[in-house]
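Hello,

Here is the structure for you to look at. My notes on one part follow below.

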Amino acid sequence: MMRLGCCYYPEHWPEEMWAEDARRMVDMGLTRVRIGEFAWSRIEPQPWRYDWAWLDRAIETLHGAGLGIILGTPTATPPKWLVDKMPDMLAIDGQGDERRFGSRRHYCFSHLGYRGECARITAALVERYGNHPGIVAWQTDNEYGCHDTIVSYSHSAAQGFRRWLERRYPDVAALNTAWGNVFWSQEYRSFAEIDPPFLTVTEPNPAHVLDYRRFASDEVVSFNRAQVDILRAGSPGRDIVHNYMGFFTEFDHHAVSRDLDVATWDNYPIGFLEQFWFSRDEKLRYARQGHPDIAAFHHDLYRGCANGRWWVMEQQPGPVNWAAHNPAPMPGMVRLWTLEAAAHGAELVSYFRWRQAPFGQEMHHAGLLRPDSVDDVGAHEARAVASDLAALGDLGPPPKSVALLFSYEAAWLFEAQPQGRSFRYMELVFGMYSALRRMGLDVDIVPVDAPLDGYKMVVAPSLPILGADLVERLAGLGIPVLFGPRSGSRTRDFQIPDGLPPGNLRSAVPITIPCVESLREGLIEQGDGFDINRWFEHVETDLVAEEALTDGRGVVYANGSLRYLAGWPDEVLLSRLFTRMAAEVAIETVALPADLRLRRAGDMTFAFNYGPEPIDLGAITDRPLIIGEHLLPPAGVATWR
């Protein structure tokens with residue numbers, strides 16, 4: 001059964017409060033507590049002078065109450081004395097400015113001296129607590145990349161990039177060829193001449209940018225691995241995790257997760273709705289709920305990262321402090337979000353945070369408790385969830401149905417050369433995911449190299465770098481596969497493939513794309529009941545189009561079990577395509593009400609009402625409900641077998 005927990009900062013509160021806090025956590029139904037990830041200045045107030053006494057007592061207090069402890073390495077918040085000791089450890093942003101001390105994440109992943117200090121503090125923590133019976137898991141750092149801190153242009157990063165390039169290319173001549181540096185006389189005589197791609201007069205070479213993004217991601221992987229290796233050696237048998245973020249593609253989470261036991265993420269649906277591309281109408285309708293697919297999308301994305309094991313490390317329990325606008329969740333939404341995580345296979349949901357802080361940058365970020373220690377709304381809903389989970393029991397794994405292929409490298413490539421301001425990879429992926437969910441389908445979001453046995457459909461929203469082996473593997477599945485626009489449009493060296501796009505995909509879907517258009521807002525190509533906007537590709541082929549514009553130009557082409565979509569689709573076209581694909585393999589679909597979502601786990605079906613009005617489930621099921629009502633209220637959850 002999924003566990004509940006919270007994030008706690010004993011260093012923020014008088015010690016006489018700790019025991020009562022721990023008792024109340026257990027009484028609320030919590031069994032896990034995360035601590036320590038921001039506490040470096042209290043653990044080591046002076047260089048090499050550790051103060052373990054307070055942390056010893058905190059761990060004993062929490063463990064003594066029956067709580068399993070997730071202990072974080074504090075490397076997201078290096079103390080001021082360390083920054084003063086090595087000021088060049090600070091990252092440099094894209095404008096050439098130093099990311100200075102005074103908040104958090106003030107370091108460059110490439111600084112070798114800082115990496116050494118991270119190894120030292122991690123080793124010290126493991127030596128002290130690695131075999132403590134209260135420690136059930138370790139979290140490395142905190143939210144890699146938060147506040148735009150993955151890509152740094154520091155001297156350390158420049159040196160690291162040159163070393164990375166020397167490992168990647170046999171010589172600088174090969175690099176010049178791969179990057180096309182004959183263009184604009186960008187050729188280099190040695191790796192030592194190559195700088196990071198920033199502060200150029202106009203846009204830098206996109207191949208240079210893509211390699212820099214690959215390098216920056218690899219730096220996160222190696223930074224994380226250094227801590228993992230220390231933790232594994234000194235604290236065997238404990239899970240090692242990291243907490244990822246929402247709609248964040250600056251590094252390859254699949255690569256980082258290969259070194260972890262569990263992928264976790266921080267779920268703030270209302271803040272994400274406010275911060276990203278959603279329309280004004282969506283932001284108003286779902287202002288207190290979050291878009292119906294935001295949380296589920298990330299649940300399915302991160303479940304695909306670490307062999308199916310995943311947690312929510314931070315669950316929004318009330319208003320947050322960091323979005324442009326921060327409304328309070330609708331009553332019942334904290335419970336809904338928690339049960340939705342359970343339906344997607346989470347092993348843990350941990351609320352952020354236990355008590356709202358009365359100081360610092362997050363004073364307006366709600367906790368389960370108010371600053372005066374009175375239970376807030378989130379506390380009452382956490383108690384309700386604990387009761388719900390007991391009633392549901394073990395749920396079983398989510399079923400295999402639709403696999404959606406996700407590539408972080410694709411996101412970097414399109415950011416390096418979008419060709420159209422509105423072509424956003426994450427938005428395209430999310431749109432296809434949401435269309436599948438509106439049809440009542442269960443989706444797994446997986447990396448391109450994931451095993452695909454057992455799935456009935458595959459959707460690849462866009463794979464610009466598309467190897468021949470992947471095309472062969474997907475074609476050999478014998479199930480419906482959809483490739484979205486710009487798939488196969490670039491080689492690994494960021495060049496147009498021989499014979500034009502879609503490159504290697506032409507062997508399976510014989511089309512050629514000689515020209516592409518990015519379309520400004522309001523410039524729409526009309527089809528039979530659907531619209532194409534943002535992006536359209538001209539196609540040459542002998543195939544007859546499965547879907548076409550009113551002027552006859554093709555939009556969707558099918559050959560065998562594979563399809564290619566040559567434009568940015570609207571909801572109508574996606575629904576038509578996915579319905580057709582599902583019918584080909586006898587997957588049952590249902591036209592759900594706009595605000596209703598379903599998810600299956602084992603033999604259990606969950607229904608979630610994200611809308612402001614009740615929804616009658618009579619058209620969905622007439623089976624007895626384990627929790628909930630057939631007239632499902634706003635923020636309501638119902639389950640049945």
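Seven strands form an open sheet with mixed pairing, in the order β10-β9-β11-β12-β18-β17-β16. Helices (H or I, at least four residues) and strands (E, at least two) are DSSP runs, numbered from the N terminus, and two strands pair if DSSP finds at least two bridges between them. The edge strands, β10 (443-447) and β16 (547-548), each pair on one side only.

This is a predicted model: local features need pLDDT of at least 70, side-chain atom pairs count only at pLDDT 80 or more, and totals for chains, interfaces and linings use all residues. Residues are numbered from 1 along each chain as its sequence is written, and side-chain values use heavy atoms, with hydrogens and water left out.

Strands β17 (residues 554-559) and β18 (residues 562-565) run antiparallel and are joined by four bridges. Val556 has Leu565 in β18 as its bridge partner.

Two helices pack on the sheet. Helix α16 (residues 425-438) touches β9 (402-406), β10, β11 (457-460) and β18, where contact means heavy atoms within 4.5 Å. Helix α18 (residues 571-584) touches β11, β12 (481-483), β16, β17 and β18.

The axes of α16 and α18 come within 10 Å and cross at roughly 60°. Axes are lines fitted to C-alpha atoms, for helices over the stretch in contact, and angles run from 0 to 180 degrees between N-to-C directions. On α16 the contact is made by Gly431, Met432, Ala435, Leu436 and Arg438, and on α18 by Glu571, Leu574 and Phe578.

Regards
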